[in-house]
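Here are my notes for a colleague who is coming to this entry for the first time. Please read the points below with the sequence and the coordinates at hand.

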Amino acid sequence: MSAFVRPADGPVVLRLDEQETSVLGQLASQLVEMLEDATRAGIATAVHLDPAMARLVPEGYRDDPEAAEEFRRFTADDLVDGKVSAAQTVLDAVTATGPEAEVPGVVPAGHEGGVAVSLVGDTAWTWLRFLNDTRLTIAARLGIEDDTEPFEPDPTDDDDEQDPQLMMAIYAWLGYLQESIVAVLDEA
Amino acid sequence: MAQILDQPIVDEVTLTAQPWVTIVWNDPVNLMSYVSLVFRSYFGYTHEEAERLMLAVHHEGRAVVATGNREAMERHVQAMHGYGLWASLAREDA
């Protein structure tokens, strides 16, 4: 079970067990893949085909399609690069479980498996951005659109690639991780 | 000789107006604590001001978080998108 450890001196450490690093690794690699596919296809095209991409790369102007298009042309590639970079950093951290894999601020958590990530400097923000992008993507996939009512998966949805209940549980857990890291930064 | 000293040629409003705003929109995903932290960290708002703006986003569906020239607002919107917030810019009177 993930836990936050605050040493007497030094930054807060996020400990993730083997199963958690596995889930985060899959999510991070899927996010990288989705963003790189979108970059190859062209972001302007991808946002029209995929609601998740539309949410990750929103319109800069709501009432001016021409300005929105121009804004996207000038900003979308950098924006997506930043999201890829954050996801890749997390992917490197959670896959650094072998003794040969050295990632700054990350140590394999011994015989229990998993990793311990030191939330030093920008690392906490990198994780926050990744967790947020992943939650936005899952929310778009699940069709979470209204925060005034609890989410109920659509029983008529026959997309059996992903189990909505499992996705919902992961979504909630990512929210817990994000909330906890925000709390860490709040205390700093 | 023209009466150049009598009539101001430049409308005072155009000198003082800051006609663009950065708007953050409510969405069901972003955590309230995260939005508040972004407002403090990026814009340098106090805890109280960041909370007020975050609650405005949450309850009213949107809030103006910055006012200024168009280029500055485009930079803010780009930064907000980097944090995953739902932001856009518009003319202040829009």
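1. In chain B, 68% of the contacts between residues at least 6 apart in sequence join residues at least 24 apart, where two residues are in contact if their C-beta atoms, placed from the backbone, lie within 7 Å. The model is a predicted one, in which local features need pLDDT of at least 70 and side-chain atom pairs count only at pLDDT 80 or more, while totals for chains, interfaces and linings use all residues. Residues are numbered from 1 along each chain as its sequence is written, and chains are lettered from A and ligands numbered from 1 in the order in which they are written.

2. Chain B contains 4 helices and 3 strands, and these follow one another along the sequence as α-β-α-α-β-α-β. Helices (H or I, at least four residues) and strands (E, at least two) are DSSP runs, numbered from the N terminus. Of the 94 residues in chain B, 36% count as buried, that is, with 20 or more other C-beta atoms within 10 Å of their own, whereas 12 or fewer make a residue exposed and the range in between makes it partly exposed.

3. The strands of chain B form an open sheet of 3 strands in the order E2-E1-E3, with antiparallel pairing, two strands being paired if DSSP finds at least two bridges between them. The edge strands, each pairing on one side only, are E2 (62–68) and E3 (86–91) of chain B, and the twist from one strand to the next averages 25 degrees. Strand E1 (residues 20–25) of chain B is joined to E2(B) by 6 bridges, and Trp25(B) stands opposite Arg62(B) in E2(B).

4. Helix H3 (residues 47–60) of chain B packs against helix H2 (residues 32–43) of chain B at an angle of about 130 degrees, with the axes 8 Å apart; axes are lines fitted to C-alpha atoms, for helices over the stretch in contact, and angles run from 0 to 180 degrees between N-to-C directions. That angle makes H2(B) oblique to H3(B), since angles under 35 degrees count as roughly parallel, over 145 as roughly antiparallel, 65 to 115 as roughly perpendicular and the rest as oblique. The residues of this contact divide into 7 nonpolar, 3 polar and 2 charged, with Ala, Val, Leu, Ile, Met, Phe, Trp, Tyr, Cys and Pro counted as nonpolar, Asp, Glu, Lys and Arg as charged, and the others, Gly among them, as polar. H3(B) also lies across E1 and E2 of chain B, running at about 135 degrees to E2(B).

5. In chain A, the axes of helix H5 (residues 123–142) and helix H6 (residues 164–187) come within 9 Å and cross at roughly 155 degrees, which makes H5(A) roughly antiparallel to H6(A). The residues of their contact comprise 17 nonpolar, 4 polar and 2 charged. Gly143(A) is found in the loop between H5 and H6 of chain A, and Gly143(A) counts as partly exposed because it has 13 C-beta neighbours inside 10 Å. Although Gly143(A) and Ala52(A) are 91 residues apart in sequence, their C-alpha atoms are 9.8 Å apart in space.

6. Between the two chains, 28 residues of chain A are in contact with 19 residues of chain B. On the chain A side, helix H4 (65–94), H5 and H6 are the elements that give two or more residues, and H5(A) supplies the largest share, 7 residues. By class, this side has 11 nonpolar, 6 polar and 11 charged residues.
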